Amino acid sequence: MKPNKKNILLVDDEEQIINVVRAYLEKEGYNVFTAYNGKEALDVFNKESIDFIVLDLMLPDLPGEEVCKKIRLKSEVPILMLTAKVSEGDRINGLDIGADDYMIKPFSPKELVARVRAILRRTCKDFVKADIIEFNNGDLIIDINKMEVKKRGELIKLTPKEFKLLIVLAKNLGKVFTREELVDKVLGYDYDGYDRTIDAHIKNLRHKIEDEENKYIVTVYGVGYKFLED
């Protein structure tokens, strides 16, 4: 396997679509993993280092929307949805739950490849995939694999939700998240409590990782929060 080649997970229950799209993607130099249902897709995603997902919504076991939601609980990997659903409401719902783009069947494989390229160009600039993220010459160090955060060399104790919130923000430098988006990503899409709960987690996180010299989390008034670019 060549280094730096992007790994794409292609999820569809139609073998002909899998074969055609895989051929186009491989011709462009991508490594392609395939899955024919939702459970298989989640298994592949959890085992492999996936950079992009092409996801059919009408799968035989789990709906594609459910697969998308489960992935969004742990990752910001770009997702392009494929579907035969044509209503505006369906498209809006797909984007609302975390899809980066939406294509309606039947579609052009050439256009799909072009969209994959465009989304990867856009997201790779902002999406940090490193296992260790460092800010301000080591003032703040986040070790994702060890689930550790250090402030000026000292280990900081974060709750699981605080750590997850920090990862979502720090992996998307400068991107503004609404409170609703952060609730979905940190507390879970089925959380039905008050969305201002996220404000309390932000306050606690700021208290633990910030000081007078280094501020990291920025409030975007009337919208939500973002992580200040280093």
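**Figure 1. The largest nonpolar core of this predicted model has 28 residues.** A nonpolar core is a set of buried Ala, Val, Leu, Ile, Met, Phe, Trp, Tyr and Cys residues joined through side-chain atoms within 4.5 Å. Buried means under 20% relative accessible area, exposed over 50%, and partly exposed in between, for a 1.4 Å probe and protein chains only. Ile-142, Val-149 and Phe-227 touch the most other members of this core. At least two residues each come from strand S6 (132-135), strand S7 (140-143), helix H6 (160-170), helix H7 (179-187), H8 and S12. H6 gives the most, with seven residues. Helices (H or I, at least four residues) and strands (E, at least two) are DSSP runs, numbered from the N terminus. Another core, of 21 residues, lies apart from this one and includes Ala-41, Ile-50, Leu-55 and Leu-57.

**Figure 2. Contacts of Val-149.** Contact means heavy atoms within 4.5 Å. Leaving out residues up to four places away in sequence, Val-149 touches Leu-140, Ile-141, Ile-142, Glu-154, Leu-155, Ile-156, Leu-158, Phe-163, Leu-166 and Ile-209.

**Figure 3. One of three aromatic pairs in the structure.** Tyr-216 and Phe-227 are stacked, with 5.6 Å centre to centre and 20 degrees between the planes. This pair links distant parts of the chain: Tyr-216 is in the loop between helix H8 (197-209) and strand S11 (217-220), while Phe-227 is in strand S12 (residues 224-227), 11 residues apart. Rings of Phe, Tyr and Trp (its six-membered ring) pair if their centres lie within 6.5 Å; planes under 30 degrees apart count as stacked, over 60 as edge-to-face and the rest as tilted. Tyr-216 counts as buried because its relative accessibility is 2%, and Phe-227 because its relative accessibility is 0%. Ring pairs join Phe-135, Tyr-216 and Phe-227 into a cluster.

**Figure 4. Asp-56 in strand S3 (residues 52-56).** UniProt, in an unreviewed entry, places the feature "modified residue: 4-aspartylphosphate" at Asp-56. UniProt positions follow the numbering used here, feature names are shortened, and annotations may be inferred rather than shown by experiment. Asp-56 has 2% relative accessibility and therefore counts as buried. Asp-56 touches Val-11, Asp-12, Asp-13, Gly-64, Leu-82, Thr-83 and Lys-105, not counting residues up to four places away in sequence.

**Notes.** Residues are numbered from 1 along each chain as its sequence is written, and side-chain values use heavy atoms, with hydrogens and water left out. In this predicted model, local features need pLDDT of at least 70 and side-chain atom pairs count only at pLDDT 80 or more, whereas totals for chains, interfaces and linings use all residues.
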